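Open the model in your viewer and keep the selection tool ready. We will take a short walk from ring to ring, and then look at some backbone angles.

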Amino acid sequence: MLQRQYACIACDALVDIQSLKPGQVAKCPRCQHVILTRKYNPINSTIALCLSGLILYLPAVFYPLMSLQVLSVESSASLYSGIHALWQSELYIVACLVFIFCALTPLVKLIAALLVSVGVKYQQTHHNWYRRLLVYYIRADSWEMLEVFLIGILVSIFKLRDMATLHYDLGLLCFCLLMLCVVSLKVTMDKQLIWDHVDAR
């Protein structure tokens with residue numbers, strides 16, 4: 001059964017909303033708060049972002065983010081080598097947290113979002129596994145923390161710029177683009193539209 005009644009999160013009013021066309025916005029008649037927005041072409045946009053993110057994932061994780069040169073000594077670091085260095089330094093909990101939130105969760109999120117979107121595109125939303133996958137994706141949506149890791153990189157750059165010569169590598173560009181792809185999923189994915197497809201089956 002399709003959901004037609006929505007609660008306004010600003011004033012708790014219950015509002016009946018019929019089907020919206022792409023680009024239309026439904027507002028609460030009491031407080032004018034935006035309740036529902038129907039996005040343009042959300043399925044294809046989400047699939048494109050997921051594929052782009054998956055292509056960028058390996059170079060973002062394994063390619064050097066930047067190189068540091070002090071006198072004649074030069075070293076570089078990637079996300080993977082950073083996690084490995086934390087583990088070698090016996091900071092096991094920190095290494096596990098960085099791996100889970102900065103490496104594993106973004107990959108799982110991209111794959112889950114891709115499967116959810118492909119399921120809608122090819123009308124496979126009637127399967128029980130699809131509903132469980134959608135619930136899992138929604139729960140995992142806020143667990144990736146690439147932005148936090150990027151802030152750590154920026155802080156390192158700011159602190160080290162006067163102490164050594166820094167060179168930015170391809171991995172940093174791929175990491176930033178990967179972060180944009182993952183964050184953009186929050187904008188492109190229309191969860192209400194997907195639930196409507198699930199309920200219609």
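On this tour, buried means under 20% relative accessible area, exposed means over 50%, and partly exposed lies in between (1.4 Å probe, protein chains only). This is a predicted model, in which local features need pLDDT of at least 70, side-chain atom pairs count only at pLDDT 80 or more, and totals for chains, interfaces and linings use all residues. Residues are numbered from 1 along each chain as its sequence is written, and side-chain values use heavy atoms, with hydrogens and water left out.

**Stop one: the aromatic rings**

The structure holds three aromatic pairs. Rings of Phe, Tyr and Trp (its six-membered ring) pair if their centres lie within 6.5 Å; planes under 30 degrees apart count as stacked, over 60 as edge-to-face and the rest as tilted.

Select F62 and Y80: this pair is tilted, with 5.3 Å from centre to centre and 40° between the planes. It links distant parts of the chain, 18 residues apart, with F62 in helix α1 (residues 42-62) and Y80 in helix α2 (residues 79-88). Helices (H or I, at least four residues) and strands (E, at least two) are DSSP runs, numbered from the N terminus. Y80 is partly exposed, at a relative accessible area of 45%.

Next, select W87 and Y92. Their ring centres are 4.6 Å apart and their planes meet at 65°, so this pair is edge-to-face. W87 is partly exposed at 43%, and Y92 is partly exposed at 40%.

**Stop two: positive phi**

Now pick D12, in the loop between β1 (5-7) and β2 (14-16). D12 is not a glycine, yet its phi is positive, about 70°.

Finish at E90, in the loop between α2 and α3 (92-121). Phi of E90 is also positive, near 65°, and E90 is exposed at 57%.
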